[in-house]
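User: I want to learn how to read strands, helix packing and a chain contact in a model. Where do we begin?

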Amino acid sequence: MLSMNHLQKVYRTHLIETHALRDFSIHVDEGEFVAVTGPSGSGKTTFLNICGLLEEFSGGEYQLDGVDVRGLGDNARSRLRNEKIGFIFQSFNLIPDLNLFDNVDVPLRYRRFAAAERKRRIEDALARVGLASRMKHYPSELSGGQQQRVAIARALAGSPRLLLADEPTGNLDSLMARGVMELLEEINRQGTTIVMVTHDPELAARAQRNVHVIDGQVTDFSAEPDLGQHPAVTTAMPA
Amino acid sequence: MEFRPILSALMRNKVSMVLIGLQVALTLAIVCNALFIISERLDRMHRPSGMNETDTFVFNSTGFGQGYDVRSVQQADLQLLRSLPGVVDATSVISVPMSQSGWSTSVNLQPNQATATADTALYMVDSHGLSTYGLKLVEGRNFTPAEIGFRTVNDRAAPPSVILTRALADRLFPQGGALGKQVYYDNGSTPTTIIGIVERMQTPWLDSDYIENSSLMPAYLPYGNTTPYLVRAEPGRRDEVMKEVEQRMIQANPSRVIGRMRSIEQVRAVSYAGDRAMAIILGAVIFALLAITALGIVGMASFWVAQRTRQIGTRRALGATRFDILRYFHTENFIITTLGLLLGGVLAYALSLWLMQQYQAPRLPWYYVPVGFVCLWALGQLAVLGPALRASRVPPALATRSV
């Protein structure tokens, strides 16, 4: 599904250079549920941004679902992001002035789906997260857990190949977090690849595979016993 | 297009939308009516007087002392004026168009008619009148020197012949054939024969209901010891001739004062100064209103872009291209502007109706509002372009940054 080889990400100012990712390699197969962990400032959000085509990288290779993303223009990256990736953000990032229906509709409009197709997908997605009856409600009328479910519905509505979750339970209490995690696991069981960035070891433990990032480098990975057969998983250690 | 979700999002931020919408509405209503008033004033200011304005000037000669014979001085003056280098012609007058001062009377088709057929301004000239004023004779003939007589201000006898403007001739004889017909001035019973028709000559009064109705009568008419003269110079020599005339008139007769010497262009400028001032003030009001409205839109859009930076980043992360973001803000502005313009259109016609009732203003032509619509739409789109471009440059990675 995604393959990064010797990826580099350097932030430059006129005074300093910061290597956010260095010689970063990772391969994720279709249908995997990978947790990326690491302390604050380790580079996991940079990894997620590059993974989701939100940022460009400074060097190395990155293939997303067979597409080499190097050199893609802004419009092509936007289209690829819209078609192949669903995002779940820590702060949900729902649009407060739109009701749930319209929130889920946002990426579908950019996909230029017909109105009837959009309606079907929105209703299906909201039903999948158990909020079909609240389509006309606004985000402020929902709990945090419900808002994250809406965000998941928005991410799922476009039938993405890859779901990227950035601390998806970071703003939720433990009960709501458990519900969201169960939902993600169910989505993964239905075949969607998930890459989740988290600093919560308990959540990470529920993923099929953990990738630990420190100082912009993959330092370790672990897999549950039945996932040991993933030959594509590699790490690149700094020289 | 995202009309519905943008509109429903706007409905949750009604205050800003209503304020900008009202501003647009008031701007449209005021700008349309102000532009129409300016257009009316400009049309009024550019009405042709019918006379040569670029090469002509007027002045008064007032004599003093016993034995000052105004009639003989007048004849000598005219002879002198016509002989000066650079002078095309000269005549004594009682008024000029646009001067706001002159004589008027009624003109009838029957003797002692109870109700006047028309009103007219009176100009008293000699046989050099048509040439000096620069009037275009379209029918008949000019006065002969033999027809010119001396009159006094109290003399009410009708002259035997008259030259009318085309507008007055048509008013008196709508079926045509005015030339050679007889008319009666001042409710009198002495007939006056129409011997000529000039294309146009306005009355001296700008607001006159019969501004195109003028009669030229063959007479010299001094006001006491004062004689107004009209002089026509050769093209391009007017100012030079004005100085020369003043010197030569004083030299010819030191016991008098030459006063109120002014070109007809100055007469026009002074008479229409109020209209010009009104047009300038309204123009400034229009500019200020448009600037305030544009700045209001820029301010609102900039505020919304700043307020929604995270939201824009999220939209970008969800697949919006830069153009999608640009289009979002332009569509939002289009909706607000359109709602304001719809209200403004109604207000524009209502304001016009009120001006008609209160000030007898003419009705606002229908096309002013649609043209105003297009202009304010364009202004709105132009005003929102800067903030929208800023919004389109918000990086998608902003969606994952913690605030």
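Analyst: With burial. A residue counts as buried if 20 or more other C-beta atoms lie within 10 Å of its own, and as exposed if 12 or fewer do. Keep in mind that this is a predicted model.

User: Which residues form the covered face of strand S9 of chain A, and which the uncovered one?

Analyst: Strand S9(A) covers residues 209–214. Arg209(A), Val211(A) and Val213(A) make up the covered face. Asn210(A), His212(A) and Ile214(A) make up the uncovered one.

User: In what sense do S3(A) and S9(A) pair, parallel or antiparallel?

Analyst: Parallel, over four bridges; S3(A) spans residues 33–37. One residue of the uncovered face, Asn210(A), is the bridge partner of Ala35(A).

User: Now a sheet. What is the strand order in the open sheet of chain A?

Analyst: The order is S2-S1-S4-S5, four strands with antiparallel pairing. S2(A) (17–28) and S5(A) (67–68) are the edge strands; each has a single partner, so one side of each lacks a neighbour in the sheet. Between S1(A) (residues 2–12) and S2(A) there are eight bridges. Leu7(A) has Phe24(A) of S2(A) as its bridge partner.

User: And which strands stand at the edges of the open sheet in chain B?

Analyst: Take the order, S2-S11-S1-S12, again four strands paired antiparallel. The edges are S2(B) (87–92) and S12(B) (256–263), each with a single partner strand, so each has one side without a neighbour in the sheet. Neighbouring strands are turned by 20° against each other on average, direction ignored. S2(B) and S11(B) (residues 226–233) run antiparallel, joined by five bridges. Ser92(B) is opposite Tyr229(B) there.

User: Which helices lie on that sheet?

Analyst: H3(B), residues 70–83, lies across S1, S2 and S11 of chain B, at about 165° to S2(B). H6(B), residues 238–252, packs on the sheet too, touching S1, S2, S11 and S12 of chain B. The direction of H6(B) makes about 170° with that of S12(B).

User: Next, helix on helix. How are H2(B) and H8(B) oriented to each other?

Analyst: Start with the angle. H2(B) and H8(B) (residues 273–307) pack at about 160°, their axes 9 Å apart. Angles over 145 degrees count as roughly antiparallel, and the pair is therefore roughly antiparallel. The crossing is left-handed. By class, their contact has 19 nonpolar, six polar and four charged residues.

User: Why are H2(B) and H11(B) called oblique to each other?

Analyst: The axes of H2(B) (residues 14–45) and H11(B) (residues 368–392) come within 10 Å and cross at roughly 130°. The two helices are therefore oblique. Their crossing is right-handed. From H2(B), the contact includes Val24(B), Leu28(B) and Phe36(B); from H11(B), Tyr368(B), Val369(B), Gly372(B) and Leu376(B) take part. The class count is nine nonpolar, two polar and no charged.

User: Last, the two chains. How many residues of each are in contact?

Analyst: 20 residues of chain B contact 26 residues of chain A. H1(B) (3–11), H9(B) (309–317) and H10(B) (322–359) each supply at least two residues of the chain B side. H9(B) gives the most, with four residues. That side divides into eight nonpolar, seven polar and five charged residues.

Notes
Residues are numbered from 1 along each chain as its sequence is written. Chains are lettered from A and ligands numbered from 1 in the order in which they are written. This is a predicted model: local features need pLDDT of at least 70, side-chain atom pairs count only at pLDDT 80 or more; totals for chains, interfaces and linings use all residues. Axes are lines fitted to C-alpha atoms, for helices over the stretch in contact, and angles run from 0 to 180 degrees between N-to-C directions. Angles under 35 degrees count as roughly parallel, over 145 as roughly antiparallel, 65 to 115 as roughly perpendicular and the rest as oblique. A crossing is left-handed if the near helix is turned anticlockwise from the far one by less than a right angle, and right-handed if clockwise. Two residues are in contact if their C-beta atoms, placed from the backbone, lie within 7 Å. Ala, Val, Leu, Ile, Met, Phe, Trp, Tyr, Cys and Pro count as nonpolar, Asp, Glu, Lys and Arg as charged, and the others, Gly among them, as polar. Two strands pair if DSSP finds at least two bridges between them.
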